[in-house]
Amino acid sequence: GPPFPVFTRKEVARHNSQASRVWVTYGSDVFDITDFVEAHPGGKSKILLAAGGALEPFWALYAMHKQEHVLEILRGYKVGEL
Ligand code: HEM
């Protein structure tokens, strides 16, 4: 497929609420997870803590995310790269 668009961390940081859409990064990939926020098994308030930034600091604490079925959900929301 075509290459993904490239974004800066500053651009990602603007997408930090449901009103502005919720973007996060994981590694060098950028995801628009707005449509997943309400479905998050860990609740909306928790997932929104990562809005506009990196998932790594949170997933270091909640390591149950580092399994294939979670990463597969995330991949479905990829919109770009850093
Ligand atoms: C649970 C996805 C971000 C906190 C889960 C589960 C999924 C998921 C699929 C269920 C896992 C399982 O039981 O096997 C995601 C995705 C995220 C995200 C796709 C980002 C795009 C976060 C963040 C936090 C968080 C940033 C914390 C700040 C939790 C907690 C649970 C959970 C506490 C456990 C809920 C429970 O079992 O009671 N998440 N999550 N998640 N998540 Fe997330």
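Which residue in β3 is the bridge partner of W23? The partner is D32. This pair is one detail of a predicted model, in which the protein has four helices and four strands.

**Confidence in the prediction**

- The protein has a mean pLDDT of 97, and 100% of its residues reach 70 or more.
- Where pLDDT is low, predicted coordinates should not be read in detail.
- For the model, the scores are ipTM 0.95 and pTM 0.96.

**Overall form**

- Read from the N terminus, the order of elements in the protein is α-β-β-β-α-α-α-β.
- The C-alpha trace spans about 30 × 30 × 20 Å along its principal axes.
- The radius of gyration of the protein is 12 Å, which agrees with the value near 12 Å that a compact globule of 82 residues would have.
- Of the 82 residues in the protein, 16% are buried.
- Among contacts with a separation of 6 or more, 61% are between residues 24 or more positions apart.

**The sheet**

- The four strands form an open sheet in the order β1-β2-β3-β4, and their pairing is antiparallel.
- β1 (16-17) and β4 (78-81) are at the edges with a single partner strand each, so one side of each has no neighbour in the sheet.
- In general, the strands of a sheet pair through backbone hydrogen bonds, either parallel or antiparallel.
- Between β1 and β2, which run antiparallel, there are two bridges.
- S17 stands opposite R21 of β2.
- Strand β2 (residues 21-26) and strand β3 (residues 29-32) run antiparallel and are joined by four bridges.
- Besides the pair of W23 and D32, the bridges to β3 include V24 with F31 and Y26 with D29.
- Two residues lie between the strands in the hairpin of β2 and β3, where G27 takes a positive phi near 60°.
- Three bridges connect β3 with β4, again in the antiparallel sense.
- F31 has K78 as its bridge partner in β4, while V24 has F31 as its bridge partner in β3.

- What is the phi of R21 near? The value is near 70°, which is positive in a residue other than glycine.
- R21 belongs to strand β2, and S17 stands opposite R21.
- Is R21 buried, exposed or partly exposed? R21 has 17 C-beta neighbours inside 10 Å and therefore counts as partly exposed, since a residue needs 20 or more to be buried and 12 or fewer to be exposed.
- P5 lies in the segment before α1 (9-13).
- P5 has 10 other C-beta atoms within 10 Å, so P5 is exposed.
- P5 and L82 are 77 residues apart along the chain, yet their C-alpha atoms are separated by 8.5 Å.

**The surroundings of the ligand**

- How many residues surround the ligand? There are 18, and the closest are P41, G42, K46, A50 and F58.
- The shell around the ligand consists of 14 nonpolar residues, three polar residues and one charged residue.
- α2 (44-48) and α4 (68-75) each provide at least two residues of the shell around the ligand.
- Which element gives the most to the shell around the ligand? With three residues, α4 gives the most.

Terms used: Residues numbered from 1 in each chain as written. Predicted model: local features only at pLDDT ≥ 70, side-chain atom pairs only at ≥ 80, totals over all residues. Pairing = 2+ DSSP bridges. Near = placed C-beta within 6 Å. Nonpolar A, V, L, I, M, F, W, Y, C, P; charged D, E, K, R; others polar. pLDDT = per-residue confidence, 0-100. Rg over C-alpha atoms; globule rule 2.2 N^0.38 Å. Contact = placed C-beta atoms within 7 Å.
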